[in-house]
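Biologist: I'd like to learn how to read a few features here. Can you walk me through them one at a time?

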Amino acid sequence: MTRVLTAQGEVVAGPRALPRRVSADPETVERGLAQLVLTLVELLRQLMERQALHRMERGTLTDEEVERLGETFMKLAERMDELKAEFGLRDEDLNLDLGPLGSLL
Amino acid sequence: MIQLYAFVRGLRELPDTDLKTVVLAHALTAVVGPAGGDERDDVVRHGLLVQALAESADAVLPARFGERFADTAALIAAVEERCGELQQRLAEVDGCVELAVRVGRARAEAGTRGLDGSAYMRARLRAITADAAAAEALHALLRRRSRDTVVTPPVASQLLHDACYLVERDRVDEFARSVETYASAHPELSLVCTGPWAPASFAGER
């Protein structure tokens, strides 16, 4: 039962998040494992990027370091897009349902 | 075996004949019923009864699903020392409901392909700073229209803002209008406001 008072657009809330058990069905196990691994990689990518952005904001990175980190994150994001496409996953699939704690991402 | 549904104040009627009230120390009133199972239907029934209680009482503190006691005496013994604190919390939510607000991005961020590393980092910083400012502005607006708030900190980037607001019943329409006005001024955001709910987010220790 959802009572919506007002809404605009589509808010991602995690209903498509990775289930708590990965299916052992041979046909879907590969995709399920890829989804789990990519979710963890995406979490680490986002955390590292945020940390780098905070350091950049505080001025504790040299121009060369910013350039190198930026290129790394950009390439990682592009590679993640390719892997998601390869396994037929969308951004909202890369998540973990943590029960009462909400979703991971 | 009995199950605890909620603590209430100013209850006008019980929403189900299976439920009964138990008066504890400090005149604290608990609503209990026979303990059910642990199936999905039992959880839904619990939620619906708590919601119904919220609609027929001045104040309600929902209990988590599964709070079971051997009998009334066991319930009394378990909450004896917290009755005063629970009465205080009931006073805090008196006349209020919970509204939930979730905000995300409606439009994809500008593409970063073709940028050099520094430009990419600057673009990401601009985007994150703008997200934080949008969430902060909305929260500041809604905080003024609510008695209390609980914000779920964003772990990563899917939701910009995820919060519950304790809103007086006669200010719910005003609150919803504020959200609507903010949303129409920010088409770059996707946003949903749900409720009114029983104030579950404001019932426990925070």
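Biologist: Where in chain B is Pro196(B) found?

Modeller: Some ground rules before that. This is a predicted model, where local features need pLDDT of at least 70 and side-chain atom pairs count only at pLDDT 80 or more, while totals for chains, interfaces and linings use all residues. Residues are numbered from 1 along each chain as its sequence is written, and chains are lettered from A and ligands numbered from 1 in the order in which they are written. Helices (H or I, at least four residues) and strands (E, at least two) are DSSP runs, numbered from the N terminus. Pro196(B) is found in strand S9 of chain B, residues 189–197.

Biologist: What is the peptide bond from Gly195(B) to Pro196(B) like, cis or trans?

Modeller: The general idea is that most peptide bonds are trans, and most residues other than glycine have a negative phi. The bond from Gly195(B) to Pro196(B) is cis, with omega near -5°.

Biologist: And phi: what is it for His26(B)?

Modeller: His26(B) isn't a glycine, yet has a positive phi of about 60°. Ala27(B) also isn't a glycine, and its phi is positive, near 60°. You'll find His26(B) in the loop between strand S2 (20–23) and strand S3 (29–34) of chain B, and Ala27(B) is in the loop between S2 and S3 too.

Biologist: Why does His26(B) count as partly exposed?

Modeller: Count C-beta atoms, placed from the backbone: with 20 or more others within 10 Å of its own a residue is buried, with 12 or fewer exposed, and in between partly exposed. His26(B) counts as partly exposed because it has 14 C-beta neighbours inside 10 Å. Ala27(B) has 9 inside 10 Å, so it counts as exposed.

Biologist: Which residues is Arg68(B) in contact with, leaving aside neighbours within four places in sequence?

Modeller: Contact means that two C-beta atoms, placed from the backbone, lie within 7 Å. With those neighbours set aside, Arg68(B) touches Met1(B), Ile2(B), Gln3(B) and Ala35(B) in that sense. Arg68(B) sits in strand S5 (residues 68–69) of chain B, and is partly exposed because it has 14 C-beta neighbours inside 10 Å. Its C-alpha atom is 36 Å from that of Ala176(B), 108 residues away along the chain.

Biologist: What pattern does chain A follow along the sequence?

Modeller: Chain A reads β-α-α, with one strand and two helices. Of its 105 residues, 18% are buried. Among contacts in chain A with a separation of 6 or more, 65% involve residues 24 or more positions apart.
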